[in-house]
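Morning, everyone. Let's get the model up on the screen and walk through its charged pairs.

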Amino acid sequence: MPALQDSIDAIRIAAAAADRMKATDIVAFDVTEPLAITDAMLIASASNERQVLAVAEEIEKDLYLKAGKRQPHSREGLTEGQWVLLDYGDFVIHVMHQESREYYRLERLWKDCPSIDLQLEHAEGEQEPTVSSEA
């Protein structure tokens, strides 16, 4: 499963970027089996609309620079500010406003999928965001 491992490695880079931009919650799922839409999905929440866009931009930049010049096949929601969806083909990254998190239907569908241990390193003295093992 080298392709899945590559996706998970890229998801970890994206999660570290979201963490650096102080995303309020970060969780990743391995969704290969139940829906077979993507290998993995990263969900990052942000506390306001400007942060949603900043987190998405940082993730996209890091995946280009640190993950073999990866670029999303499609981008949605960049002008909205409530959410941004970056589709990389083998994985999807969704950054959303914290208030819309409870309404996120796809996360509820994937809640029984195994979550990926992101092993994020947080800067000392900063408050750790919640890295949830369940949705």
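How many salt bridges does the structure hold? Seven. Keep in mind that this is a predicted model. I'll go through three of those bridges, then the aromatic rings, then the overall layout.

A word of background. Side chains of opposite charge can pair when their charged atoms come close.

Start with Glu-58. This residue sits in helix α2, which covers residues 49-66. Is Glu-58 buried or exposed? Its relative accessible area is 14%, and the cut-off for buried is under 20%, so Glu-58 counts as buried. What does Glu-58 touch, once we leave out residues up to four places away in sequence? Ala-17, Arg-20 and Met-21.

The side chains of Glu-58 and Arg-20 meet at 2.8 Å, N to O. Arg-20 belongs to helix α1, residues 2-20, while Glu-58 lies in helix α2, so this pair ties together parts that are 38 residues apart in sequence. Glu-58 is buried, whereas Arg-20 is partly exposed, at 39% relative accessibility.

Glu-58 has another partner, Lys-61. Their side chains form a salt bridge at 3.4 Å, again N to O. Here the pairing stays inside helix α2. Lys-61 and Glu-58 are three residues apart there, which means a separation of about one helical turn. Lys-61 has a relative accessible area of 41%, so this lysine is partly exposed.

Next pair: Arg-75 and Glu-60. Their salt bridge comes in at 2.4 Å, N to O. Where do the two partners lie? Arg-75 is in strand β3, residues 74-76, and Glu-60 is in helix α2. This bridge therefore ties together parts that are 15 residues apart in sequence. Glu-60 is buried, with a relative accessible area of 18%.

Now put the bridges together. Which residues do shared partners join into one network? Arg-20, Glu-58, Lys-61, Asp-62 and Lys-66.

On to the rings. A pair of aromatic rings is described by the distance of the centres and the angle of the planes. Searching the whole structure turns up one aromatic pair. In that pair, the ring centres of Tyr-88 and Phe-91 are 4.9 Å apart and the planes meet at 15°, so the rings are stacked. Both Tyr-88 and Phe-91 are buried.

Last, the overall layout. What secondary structure does the protein chain have? Three helices and six strands. Reading from the N terminus, the order is α-β-β-α-β-β-β-α-β. The protein chain has 135 residues, and 45% of them count as buried. How about contacts along the sequence? Take those between residues at least 6 apart: 65% of them join residues at least 24 apart. The accessible surface comes to about 7600 Å², and carbon and sulfur atoms account for 48% of that.

Key. Residues are numbered from 1 along each chain as its sequence is written. This is a predicted model: local features need pLDDT of at least 70, side-chain atom pairs count only at pLDDT 80 or more; totals for chains, interfaces and linings use all residues. Side-chain values use heavy atoms; hydrogens and water are left out. Helices (H or I, at least four residues) and strands (E, at least two) are DSSP runs, numbered from the N terminus. Buried means under 20% relative accessible area, exposed over 50%, partly exposed in between (1.4 Å probe, protein chains only). Contact means heavy atoms within 4.5 Å. A salt bridge is a side-chain nitrogen of Lys or Arg within 4 Å of a carboxyl oxygen of Asp or Glu. Rings of Phe, Tyr and Trp (its six-membered ring) pair if their centres lie within 6.5 Å; planes under 30 degrees apart count as stacked, over 60 as edge-to-face and the rest as tilted. Accessible areas come from the Shrake-Rupley method with a 1.4 Å probe; for residues, only the protein chains shown count as cover.
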